[in-house]
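Thanks for making the time this morning. I would like to walk you through one structure slowly, so please have the sequence and the model open as I speak.

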Amino acid sequence: MKLSQFNYKLPEELIALHPAHNRDESRLMVVHRDSGKIEHKVFKDVLNYFKEDDAMIFNNTKVFPARLYGNKEKTGAKIEVFLLRELNRDQRLWDVLVDPARKIRIGNKLYFGENNSLVAEVIDNTTSRGRTLRFLFDGPYEEFKKTLYAHGETPLPKFIKREVKEEDRDRYQTIYAKHEGAVAAPTAGMHFSRELMKRLEILGVNFGFVTLHVGLGNFRTVEVEDLTKHKMDSEQILITDDAANIVNSARERKSSICAVGTTVMRTLESSVSTNGMVKPYDGWTNKFIFPPYEFSVADSMISNFHLPLSTLLMMVSAFGGYDLIKDAYQTAIKEKYRFGTYGDAMLIL
């Protein structure tokens, strides 16, 4: 398939700038692959589509405050630093993106905070915008991490065009977030409230938790028309024995398996054997899923409404069927569903 096939006209006002007042009260579009039927519900109605012994698989990664603003030494120029991942704990080395990158060279020092309470030195160029920073901090690691995060803010995607607010620290995170390492939230999971999780549990739905530390690659633009030539950024994933057992047990008894979000789908599809069983795995994935693709594990998925030309839209189209998802998105625009990170949800059955 071609990149241009995933373009569509999205009115700017449909990009959600704020989350729904209550997590489980965003809208839910239910898309039936077998009949092409489309239903309009509220997210908490998701309960009605699952039964005892079905499995729901969630991504329990935790977003950290990855976006910092500092000043360059001497010139005082304002620099945005986006923390991607920690490279070396003892040496305080981090892989980052800087903007504007043309001003930041090896040897430059960057200062953060009102009293320049945190200082970093650029020690390497990794890509056009990528740099390796060494934070110059005397003191125990826990104190350094606390100081670093105190200077950071919630890394909302750039298409949410507003200032970051206090509510974002809590809402740009799932309620079951556990393992820190993501710079973007697994958004499908943000619709689940504690009450809804409890009700699903009482119903007898089994929960499995995998980890994929969502990177900025989710928002990276695809620059090739031929999708087979696009390379995904690698992201760290973990599938525990417990998670694999929950998926495989559901599969053996022919219960439904729901992937909550594109990150869960990528994780499961990255470690599956030829007989459709999921294997425990601790490593990295750069799997890129686009139509046509034969899915091996989940038979339903929950996802948000994704922006044009995004790899996330491509995966959803692979799972739901290109034509059906295209129709569903046009329906969503007509019905004024909210798109993007803080937007509404879609359940594909």
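This is a predicted model: local features need pLDDT of at least 70, side-chain atom pairs count only at pLDDT 80 or more; totals for chains, interfaces and linings use all residues.

Let me begin with helix α5, residues 262-269, which is largely enclosed by the rest of the structure because eight of its eight residues are buried. By buried I mean under 20% relative accessible area, with exposed being over 50% and partly exposed in between, using a 1.4 Å probe and protein chains only. The buried residues of α5 include Thr262, Met265, Arg266 and Glu269.

Residues are numbered from 1 along each chain as its sequence is written, and side-chain values use heavy atoms, with hydrogens and water left out.

Now to strand β15, residues 257-260, where we find Val260. Val260 has 2% relative accessibility, and therefore counts as buried. If we set aside residues up to four places away in sequence, Val260 touches Ile57, Phe58, Tyr176, Ala188, Gly189, Phe192 and Ile302, where contact means heavy atoms within 4.5 Å. Thr240 is 20 residues from Val260 along the chain, and their C-alpha atoms are separated by 17 Å.

Which residues does Thr285 contact, leaving aside its neighbours within four places in sequence? They are Leu212, Asp233, Ser234, Glu235, Ile237, Arg266 and Ser270. Thr285 itself sits in strand β16, residues 281-285, and it counts as buried because its relative accessibility is 5%. Its side chain makes a polar contact of 2.6 Å with the side chain of Ser270, and it also reaches the backbone nitrogen of Lys287 at 3.2 Å. A polar contact here is a pair of N or O atoms within 3.5 Å; within protein, one must be able to donate a hydrogen and the other to accept it, and residues adjacent in sequence count only if both atoms are side-chain atoms.

Both of those strands belong to an open sheet of nine strands, in the order β2-β1-β18-β17-β15-β3-β13-β14-β16, with mixed pairing. At the edges are β2, residues 38-42, and β16, each of which pairs on one side only. Neighbouring strands of this sheet are turned by 25 degrees against each other on average, direction ignored. Two strands are said to pair if DSSP finds at least two bridges between them. For example, β13 (residues 206-212) and β14 (residues 235-239) pair in the antiparallel sense over two bridges, and Leu212 has Ile237 in β14 as its bridge partner.

Two helices lie across strands of this sheet. Helix α4, residues 241-252, lies across β3, β13, β14 and β15, running at about 130 degrees to β13. Helix α7, residues 322-334, lies across β1, β2, β17 and β18, at about 150 degrees to β1. For these angles, axes are lines fitted to C-alpha atoms, for helices over the stretch in contact, and angles run from 0 to 180 degrees between N-to-C directions.

Next, some details of the backbone. Most residues other than glycine have a negative phi, and most peptide bonds are trans. The peptide bond from Asp99 to Pro100 is cis, with omega near 0 degrees, and Pro100 is in the loop between β7 and β8. Another cis peptide bond joins Pro291 and Pro292, with omega about -10 degrees, and Pro292 lies in the loop between β16 and β17. Arg92 is not a glycine, yet it has a positive phi of about 60 degrees; it is found in the loop between β6 and β7.

Finally, the chain as a whole. The protein chain has seven helices and 18 strands, and buried residues make up 55% of its 349 residues. Among its contacts between residues at least 6 apart in sequence, 70% join residues at least 24 apart. Along its principal axes, the C-alpha trace spans about 65 × 45 × 40 Å.

Methods: Helices (H or I, at least four residues) and strands (E, at least two) are DSSP runs, numbered from the N terminus.
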